[in-house]
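Visitor: I would like to learn how to read a structure such as this one, feature by feature. Could you take me through it slowly?

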Amino acid sequence: MRAVAIGLKIPDNTAFTAAVALRRLGIAVERVERSEIWFFEGEGNALIERVKADETIFNPNKHYVTVLDETFPRSGEVWIEPLEPRHPDPSTGSLEGRRATAWRLFGPNEATLARESLAAAVERLLCNPAVERAVYNKHGKLERDIPRASE
Amino acid sequence: MSARIAVPVFPGTNSEDETLRLLRDCGGNAELVHWSQASSLARYDAYVLPGGFAYEDRIRAGAIAAHDRMMDSVIEAAGNGKLVFGVCNGAQILLEAGLVPGTGSIRRPTAAFSRNAPAPHFVCRHVCLKLAIEPARCAITASLPRDAIVPAWAAHAEGRLAATPEHLREIVAGGHLAFVYADSSGAVDEAAIPNGSALGCAGLVNREGNVLAIMPHPERDAWNFNHLDRREGDDVLATSGGAALFRSFVQALMS
């Protein structure tokens with residue numbers, strides 16, 4: 001199983017809106033990066049070609065695709081994944097399966113936000129714990145948030 | 001002077017015209033309030049959040065709008081007991097704002113109107129909502145008869161109530177399940193649910209009974225000209241069908 005990141009090579013309005021909303025919430029964000037993470041069996045160029053052939057998730061005019069080294073977030077990154085995997089959609093034949101949204105939040109000097117600030121952004125905006133959970137990188141390993149009961 | 005109803009318009013809202021028109025046809029004193037006029041919202045007596053795609057559903061449906069300045073006023077008004085009614089995207093915003101079911105904290109949602117299932121597609125389908133609470137449990141439904149059936153159009157890709165089992169139990173135990181999907185005779189079964197919604201939920205009410213969120217659009221089946229059961233000779237411009245719920249909302253402001 002490999003993780004593939006599909007990001008926008010055009011301006012990402014969602015990331016921009018998230019940055020504005022997070023600043024309004026008092027979180028010191030200068031810039032936000034976002035990509036969609038998909039998990040597939042396969043390796044190397046064959047995997048990339050397979051992803052590029054699925055026009056429901058990849059548009060060459062808008063997207064770039066990267067095969068990731070790990071199946072969990074990089075340091076300073078959080079993945080928001082649905083609690084329930086999406087149902088495969090036989091009507092489109094798309095590759096829908098396990099997926100997540102990756103967020104990287106940058107503060108001053110292009111440094112990624114500290115874990116506490118990232119967790120605050122997750123809790124206050126990026127994740128609805130009723131249907132999603134956050135996945136972090138903790139000392140080079142995967143760490144999942146357990147959805148919380150109401151506070 | 002009659003109570004003033006605000007219809008807040010976020011960037012991306014698209015159902016404000018029919019919402020405004022129906023409120024007025026039901027006798028309400030309603031006005032559109034655009035996002036650039038957020039500071040004026042506090043002056044209103046009640047709020048109806050219309051459908052659409054506020055902020056293009058960025059991050060999640062309703063997530064950005066729930067943190068908009070306009071929602072500061074709506075949240076404060078709801079806390080003061082004013083009536084707040086959300087339809088479709090308006091309902092999604094109310095969930096993201098934590099106003100319904102209201103079992104958590106403000107802006108800490110405990111449920112979501114999430115991606116439809118099993119097929120994760122946009123659904124456009126005529127549905128019926130059955131009142132699942134005593135009418136007086138919610139001020140907005142108080143003028144409806146018990147077990148009222150309200151016709152409407154479901155038009156959404158994210159309308160499936162989803163929550164943890166614990167929170168679903170709270171929704172049932174707390175009497176938050178305001179409307180369920182049913183057929184036109186009132187029978188509640190799987191076939192009537194267009195989106196896989198947990199509990200067959202079509203609408204939620206808060207504990208105090210002054211905030212109601214429903215996913216389908218009664219305002220799109222609200223005049224004879226767009227009512228499925230229209231008969232020959234009916235006045236095409238007369239309100240009918242889904243207008244009953246909006247009439248009950250206006251009635252609550254007059255009582």
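Visitor: Which residues does B:Val84 touch, leaving out those up to four places away in sequence?

Guide: The model is a predicted one, and in it B:Val84 touches B:Tyr47, B:Val74, B:Ala77 and B:Ala78, together with B:Leu94, B:Leu99, B:Asn210 and B:Val211, once residues up to four places away in sequence are set aside.

Visitor: Which residues touch the most other members of the largest nonpolar core?

Guide: That core has 117 residues, and the two that touch the most other members are B:Val84 and B:Leu94. Helix H5 of chain B, residues 243-254, gives the largest share of this core, namely 6 residues.

Visitor: In which sense do strands E4 and E11 of chain B pair?

Guide: Strand E4 (residues 83-87) and strand E11 (residues 211-214) of chain B pair in the parallel sense, over 4 bridges, and B:Phe85 stands opposite B:Leu212 in E11(B).

Visitor: Where does B:Arg4 sit, and is B:Arg4 buried, exposed or partly exposed?

Guide: B:Arg4 belongs to strand E1 of chain B, residues 4-9, and it counts as partly exposed because it has 14 C-beta neighbours inside 10 Å, whereas a residue needs 20 or more to be buried. Apart from its neighbours within four places in sequence, B:Arg4 is in contact with B:Asn29, B:Glu31, B:Tyr44 and B:Asp45. B:Arg4 and B:Gly28 are 24 residues apart in sequence, yet their C-alpha atoms are 7.6 Å apart in space.

Visitor: Which residues of helix H1 of chain B are buried, and where on the helix do they fall?

Guide: In H1(B), residues 16-25, the buried residues are B:Glu16, B:Thr19, B:Leu20, B:Leu22 and B:Leu23. Seen down the axis of H1(B), these buried residues fall within an arc of 165°, so they line one face of the helix. The elements covering the buried residues of H1(B) include E1, E2, E3, E4 and H5 of chain B. After H1(B) comes B:Gly27, with a positive phi near 95°.

Visitor: How is the size of an interface often given, and how many residues of chain B are in contact with chain A?

Guide: The size of an interface is often given as the accessible area lost when the parts come together. What can be described here is the contact count, with 25 residues of chain B in contact with 18 residues of chain A. On the side of chain B that touches chain A, strand E5 (112-115) and helix H4 (165-173) of chain B are the elements that give two or more residues. The residues of that side of chain B divide into 13 nonpolar, 8 polar and 4 charged.

Visitor: How many helices and strands are there in chain A?

Guide: Chain A has 3 helices and 7 strands, and from the N terminus on its elements run β-α-β-α-β-β-β-α-β-β. Of the 151 residues in chain A, 26% are buried.

Conventions. Residues numbered from 1 in each chain as written. Chains lettered and ligands numbered in written order. Predicted model: local features only at pLDDT ≥ 70, side-chain atom pairs only at ≥ 80, totals over all residues. Buried ≥ 20, exposed ≤ 12 C-beta atoms within 10 Å, placed from the backbone. Contact = placed C-beta atoms within 7 Å. Pairing = 2+ DSSP bridges. Nonpolar A, V, L, I, M, F, W, Y, C, P; charged D, E, K, R; others polar. Core = buried A, V, L, I, M, F, W, Y, C linked by C-beta atoms within 7 Å. Arc of directions from axis to C-beta.
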